[in-house]
There are 2 protein chains.
Amino acid sequence: MSSEPGISPRGTLFVVSAPSGTGKTTLCKRIVDIFPNLRQSVSFTTRAMRPGERDGVDYFFVSPQTFADMVAAKAFAEWAEVHGNRYGTAIKTLEDWRNAGCDVLLDIDIQGAAQLRKTYDQGVFVFILPPDLVELRRRLEGRGTDAPEVIERRIANARREIPECVHYDYLIVNDDFEQALNRLTSIITAEGCRTARMLPTLAKTFDLFR
Amino acid sequence: MSSEPGISPRGTLFVVSAPSGTGKTTLCKRIVDIFPNLRQSVSFTTRAMRPGERDGVDYFFVSPQTFADMVAAKAFAEWAEVHGNRYGTAIKTLEDWRNAGCDVLLDIDIQGAAQLRKTYDQGVFVFILPPDLVELRRRLEGRGTDAPEVIERRIANARREIPECVHYDYLIVNDDFEQALNRLTSIITAEGCRTARMLPTLAKTFDLFR
């Protein structure tokens, strides 16, 4: 622990996972507006840019060759191939923000989170759950965007993914959106009060390690 | 982890300590109004009841002999003698609330917290700090209740006690009261979302340990 003047504590990595249809994306969008110091991580992808997407905002769009070079250079904290496209989180993306004292929010699937847990065990892992599978089905059907067989696949995935929640630090049941948002807000605020996080600043104020 | 019907998770013990003049008592009073499920622990004491105090509300008032019998019976989670009077927290007080599923708030001095940490290491330990010692002195003087030598003693105590904060889980700097209250609220909400705390309920909903 340093008490050097100007040394600021490094940011915390918050990893958020959830089965499809649980409201994770909306929660993550809202939470970055609440904490000015919290930055949502931008992933690299090999898939084509869609209309309305911006490079460096929605994703960093790169060629398959660039992505393969980054994999070879161990530049990714986690990466995966989904439907023939590759997606990955660069270590540099996370570290640059953290070194600047910003917290980083990573909205990521359960497999990606499992990879991250090996290298970022000091990260804070949050799993969002539906109230139950009956309600999850009701919500997926209510969106009116998925064919019945897609809904069945999402339910089957959720059933397989939910037991993985035991490996996360915090569980949030998204029964009521505002309450779930309040819980996520509380977790981020509370983690900012952790002793290890507070000590670099306080050590100087109170001359703790004299 | 049990998934038996009717099994509810046990309550969490929150231990709050702070140097004198930091606003701990006011924070604790406000926080129990925010969480209906959070009960402030009532201590046993041998000191005489003061006007306006109620037995079982402010303290459990007992004779020195009863207190000594309880010490001998190892009935206390922590106890101390202050200015010739004894004060102690009964294990039964904490366990009865926790077994009823209530969280328990314990507003306790640093020595008492150190005793508790040995037996309740699953408790959540929160330390409240003043912004700095200059501001602490300003606040103590502003109260207008303490003689100069009492203020000096409180400042000297704070200087001695603050380094103990490194043994706590969370640190809250009470620079702004509402912000400090929000941080304490967040810690209690976040701890309620901890995976170990949530699993007893969720295991049943999602049949997690089949």
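In which sense do strand E1 (residues 13–17) and strand E7 (residues 103–107) of chain B pair, and over how many bridges? In this predicted model, the two strands pair in the parallel sense, over four bridges. Within this pairing, Val15(B) of E1 has Leu106(B) in E7(B) as its bridge partner.

Both strands belong to an open sheet of five strands in chain B, in which the order is E2-E7-E1-E8-E9 and the pairing is parallel. The edges of the sheet are formed by strand E2 (38–40) and strand E9 (170–173) of chain B; each has a single partner strand, so one side of each is left without a neighbour in the sheet. On average, and with direction ignored, neighbouring strands of this sheet are turned by 25 degrees against each other.

Helices accompany the sheet. Helix H3 (residues 91–99) of chain B lies across E1, E2 and E7 of chain B, and runs at about 150 degrees to E7(B). Helix H4 (residues 110–119) of chain B also packs on the sheet, where it touches E1 and strand E8 (124–129) of chain B. The direction of helix H4 makes about 150 degrees with that of E1(B).

The relation between the two chains was examined next.

Notes
Residues numbered from 1 in each chain as written. Chains lettered and ligands numbered in written order. Predicted model: local features only at pLDDT ≥ 70, side-chain atom pairs only at ≥ 80, totals over all residues. Pairing = 2+ DSSP bridges. Axes fitted to C-alpha atoms, helices over the stretch in contact; angles between N-to-C directions. Contact = placed C-beta atoms within 7 Å.
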